[in-house]
Amino acid sequence: MQTSFRARLFRLLLLFAAVPAVLLTAFGYYLSVEAPMQPDPESHGDISEVTDFYHEYLFRDLNGAVDRYLATGEAPTALMDFLIVKEIDQTRTVIQDSLLNPETVQRLSVASGEKDHGMMASGDNYVQYVSRVLGPGQILLAGIVYDSSFTFALNQVQRDYTARSVRRELYSTYVTFVGGLFLVLVCLMFGAAWFLSRRVSSNLAGPLSALSSASKSIAGGDFRQEIAVDGDAEIRSLIENFNRMAAALDETTTRLAQTERVAAWRQVARRFAHELKNPLQPILVSLYRIEKQLADTDSWEHIREPLRAASEEVRHLTQLAERFSHLAKLPPPKLQTVSLRALILSVASLYEDKLKDHRFDMQLPEEDVNTVTDEAYLREVLHNLLQNSIDATPPGHRISLLLTTTGENQVSVAVSDEGSGMDEETLSSARLPYFTTKKKGTGLGLAIVDKSIAELGGQMIVASEKGRGTTITINLPGRPEQ
């Protein structure tokens with residue numbers, strides 16, 4: 001399976017991070033294991049040797065001297081500094097050291113009741129003693145008195161022993177701290193490798209992935225691709241060239257699509273001219289007969305205007321069919337001065353019955369707007385736009401028609417509705433001949449509008465949103481004549 005660029009980059013950075021990580025791990029191991037095991041040059045040796053000396057040798061000699069005294073009655077003064085026998089009502093001193101005072105003797109009596117041998121501080125001195133119970137209320141105390149020099153040496157030994165004990169107790173904590181510290185450092189290194197790989201791969205792989213995705217879309221026929229320009233200089237240049245290529249492809253395919261639409265339009269025109277041309281003349285003759293028969297009746301005033309508008313529309317269709325039949329394409333427009341306000345009012349009057357169930361409003365300038373264009377083309381455009389809005393908009397919803405002029409030599413006619421609207425896919429195909437979403441539609445409406453406006457040198461803009469309605473704006477060139 002092919003490995004992604006980001007994964008390969010991460011492995012590379014991981015390899016570089018592994019070397020200092022191993023060195024840090026080895027150094028941490030040395031600090032936590034090897035260094036504490038080195039001998040302390042200031043250490044006075046093992047405290048157990050001093051402890052064994054005092055607890056085994058001296059106490060053993062004192063006990064031997066006391067046994068000899070009890071057996072022979074002789075007190076070996078070389079082995080002890082004091083020997084005292086305390087009874088209930090008196091104290092008999094056999095050997096008495098000058099450093100031993102009565103208060104210390106009393107404290108030794110109390111201490112011997114708890115422990116038969118030991119050491120006890122007395123001012124700046126230390127007393128090492130053993131005791132024997134001779135009988136009820138009778139106790140023997142013997143021992144050695146150490147002066148301040150021994151106290152200093154003993155304190156030094158005690159400090160050394162305490163330091164060694166504390167060092168042993170803190171050793172596990174020290175190891176845990178050093179191990180945790182270097183574990184955090186190693187994790188930070190691997191995290192930095194991951195972050196850098198993601199950052200670098202985003203700068204490199206991100207644009208490349210976008211290029212790959214856009215290339216697949218172009219291969220699938222979607223040429224409207226534009227990638228955000230990002231990355232280093234070479235990557236930015238590559239993206240800019242790709243965007244220019246995609247834009248050129250889109251423009252080329254648009255021209256090809258337009259060529260295909262023109263060819264389709266010609267086919268539509270042939271069919272439209274054939275289906276429409278034949279029945280128009282009989283209809284026009286019938287309308288003329290109706291006009292003659294009702295000209296002198298009371299109903300004439302009521303039907304004169306609708307009959308006139310119907311006759312105009314039939315003549316318009318006849319002219320349009322004649323134009324379609326000429327090589328199945330729209331002939332060059334016949335430009336003339338047209339009153340847009342009057343034209344819109346004329347076309348809208350034909351849809352009064354169809355629009356009565358909708359909220360229809362027209363926004364027209366109070367003054368007349370004249371422009372040089374083809375009236376037949378514009379009539380057809382307005383018919384298609386109004387009919388499409390009526391078909392797409394439920395009763396009670398708004399349909400509006402807006403006529404505006406701008407200071408840029410342009411006239412705009414916009415038809416808006418609150419109908420069903422179109423999604424992006426439908427909107428992209430709405431201008432094609434025979435494309436329709438209606439059950440009974442022919443798919444010619446917007447195709448005719450688009451072709452007619454193109455012949456007039458204008459532009460049709462379609463804005464639509466599914467479920468919210470559609471607005472179609474017709475922009476016509478030329479300076480309006482007032």
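## A helix and what covers it

Helices and strands here are DSSP runs, H or I of at least four residues for helices and E of at least two for strands, numbered from the N terminus.

Helix α3 itself spans residues 102-114, and its 13 residues reach 19 Å from the first C-alpha to the last, close to the 18 Å expected at 1.5 Å a residue, where the expected span is 1.5 Å times one less than the number of residues.

This is a predicted model, in which local features need pLDDT of at least 70 and side-chain atom pairs count only at pLDDT 80 or more, while totals for chains, interfaces and linings use all residues. Residues are numbered from 1 along each chain as its sequence is written, and side-chain values use heavy atoms, with hydrogens and water left out.

## Strand β5 and its partners

Eight of the nine residues of β5 are buried, so this strand is largely enclosed by the rest of the structure. Strands pair if DSSP finds at least two bridges between them; β1 and β5 run antiparallel and are joined by five bridges, with Leu-83 having Ala-142 as its bridge partner in β5.

Nine bridges join β5 to β4, again in an antiparallel arrangement, and Gly-135 stands opposite Gln-138 of β5. The two strands form a hairpin with two residues between them, and Gly-137 in the turn has a positive phi of about 75°.

## Nonpolar cores

A nonpolar core is a set of buried Ala, Val, Leu, Ile, Met, Phe, Trp, Tyr and Cys residues joined through side-chain atoms within 4.5 Å. The largest has 32 residues, and those with the most contacts inside it are Leu-385, Leu-403, Val-449, Met-460, Ile-472 and Ile-474. Elements supplying at least two residues each include α7 (340-349), α9 (375-392) and β9 (398-406), and α9 gives the most, with seven residues. A second, separate core of 16 residues includes Leu-62, Met-80, Ile-95 and Phe-150.

## The chain as a whole

The chain contains 11 helices and 12 strands, and 34% of its 482 residues count as buried.

Note on methods: Buried < 20%, exposed > 50% of the residue type's maximum accessible area, 1.4 Å probe, protein only.
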